[in-house]
Amino acid sequence: MFEPVIAPSGTLLGLLQRGRGDGTLHALAAPRAEALAALNHCVLSDPRHDWQVENRSLYYARLYLDLDGGLEEIEAHLFGAEDHFDTEENRTGLALAVLGHLASYGRQDALVLLRRYAATGTNWAWALDELALRDDDAGLRSLALPVLARFPAGPEGDAELSSAVRDAFEPRPWRLWAEDRRETVGPRVRAAQERGSFDRWQRQMRPSGPRPGWSVQAVFDWAQEGLERGAVLHGPAARCLTAVAGPEDRPLIVEAARSGPDGARCAALHYLAESRDPAVLDLIEGAAGSDSRTVAEAAVAAFERMCGEAAVDRARGWVHRPDALGTAAAGVLACRGAAQDATLVLGALRETVRSAGPDATALYTLVDGAGRLGIACAAPVLRHVYRETASSQLRGRTARALAATDPTFPTGFAVECLWDCEETTREVAALHAETGDVRVAERLRRLAVDPAEEAEVQTAVRNRIGPDLQV
């Protein structure tokens, strides 16, 4: 998958791609044709860097409703020739999810498109899951024959059908079809359900794959063999060591962490970090400079998982390092440091934005740390991250940090956050937005009665609504 091209944050397209509340507000004020063109671009070319964790579908669906937008562009995207060649879920997933929300708002044209795509489209399982939540029984029953026709009769087709039934995110259609009296529907679905349940039971009772022996050296050998065949077993191996290692095995484990083969060394580092061995911090520092990337990354990961004052104290000395261990040290101080570490966290936050930009992975913990420690002078850089990041997840965390550090947040970004694509960001806004703004009062009323809104957001809204903001 190609990385999405994100427009500048000051443009309508850039705002909508980011899922910012200002995107909706600007779209409603822009010429309708221009707003719909930008909206369709976002839905048909998913702008999310991580489509599995970032939300956009409800945000875009609400804007289609507000603009009274047609679905011709989505229809052409779903049923074009490309659907037969590009079968990746991320090509059509966002469009199908938007249709699902529109169907829940009563858009019959969206429901019809979902039914049609479930019957003929490549990403039919996603469409079926959307329909399982919104369609009536009659509509779902009408899809039984076209869906089952995807699985030809015979051992191979029956096995594929069993997998589809077993892995379905929403089981409602399959349960309805299992009750169907037609010979080609009900009995076949019930047989697939039984095979899927048996397969799951078989996997649970007879786990496949090699398992380590019951000794420290056997665990190390298992971890090394796994690494050689491409399986990363540092974590499982560390847990196995917890079960088999005794005090007499510590010298062997420490030596493995210092100079053992890569697989054994990584497992030993994780084990010693979890047990807070007094030697582990020195071992981590040595391993972080290893020529082996696998060992260096494992050392950093082991340190990031450590708790306790010793790890925090060592982080204060490592935070200025220009490598991954220095980045991890800044994250440890952000998550577990004290008020005395505010200057170090602020410095790391500024340096990360300057050197890696507003989408750097390290910013997640640093932004959280700025909010947790209440670093008021971090507000300017937090506002920059909020405006520029393409990640709606990071923007939401930045909004929470701004709520704790920026006195202008209730009358500033909190207002637009009420229209944000992430429900957690809308929840923060509902708790903090200044209700003296007429836009805030009206938006709170709308969110309070919107059947598609998340319960946590509506709870926050209702906690803010007083006698002057009765729904």
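Reader: What makes you say that the charged end of Arg116 sits over the ring of Phe79?

Author: The charged end of Arg116 is 3.7 Å from the centre of the Phe79 ring. A charge sits over a ring if NZ of Lys or CZ of Arg is within 6 Å of the ring centre and within 35 degrees of the ring normal, so Arg116 and Phe79 count. This is a predicted model, where local features need pLDDT of at least 70, side-chain atom pairs count only at pLDDT 80 or more, and totals for chains, interfaces and linings use all residues. Residues are numbered from 1 along each chain as its sequence is written, and side-chain values use heavy atoms, leaving out hydrogens and water.

Reader: Thanks! How many aromatic pairs does the whole structure have?

Author: The search finds seven. Rings of Phe, Tyr and Trp (its six-membered ring) pair if their centres lie within 6.5 Å; planes under 30 degrees apart are stacked, over 60 edge-to-face and the rest tilted.

Reader: Why is the pair of Trp124 and Phe151 called edge-to-face?

Author: Their centres are 5.9 Å apart, and the planes stand at 80 degrees. That is within 6.5 Å and over 60 degrees, so the pair is edge-to-face. Trp124 lies in helix 8 (residues 124–134) and Phe151 in the loop between helix 10 (144–148) and helix 11 (155–167), so the pair ties together parts 27 residues apart in sequence. Helices (H or I, at least four residues) and strands (E, at least two) are DSSP runs, numbered from the N terminus.

Reader: Are Trp124 and Phe151 buried or exposed?

Author: Buried means under 20% relative accessible area, exposed over 50%, partly exposed in between (1.4 Å probe, protein chains only). Trp124 has 14% and Phe151 has 8%, so both are buried.

Reader: How do you know where the buried residues of helix 2 fall around its axis?

Author: In helix 2 (residues 21–29) the buried residues are Gly21, Gly23, Thr24 and Ala27. Seen down the axis, they fall within an arc of 160 degrees (taken from the directions from the helix axis to the C-beta atoms), so they line one face of helix 2.

Reader: And what is the secondary structure of the chain?

Author: The chain comes to 29 helices and zero strands. Buried residues make up 50% of its 471 residues, and its C-alpha atoms fill a box of roughly 70 × 65 × 40 Å along the principal axes.
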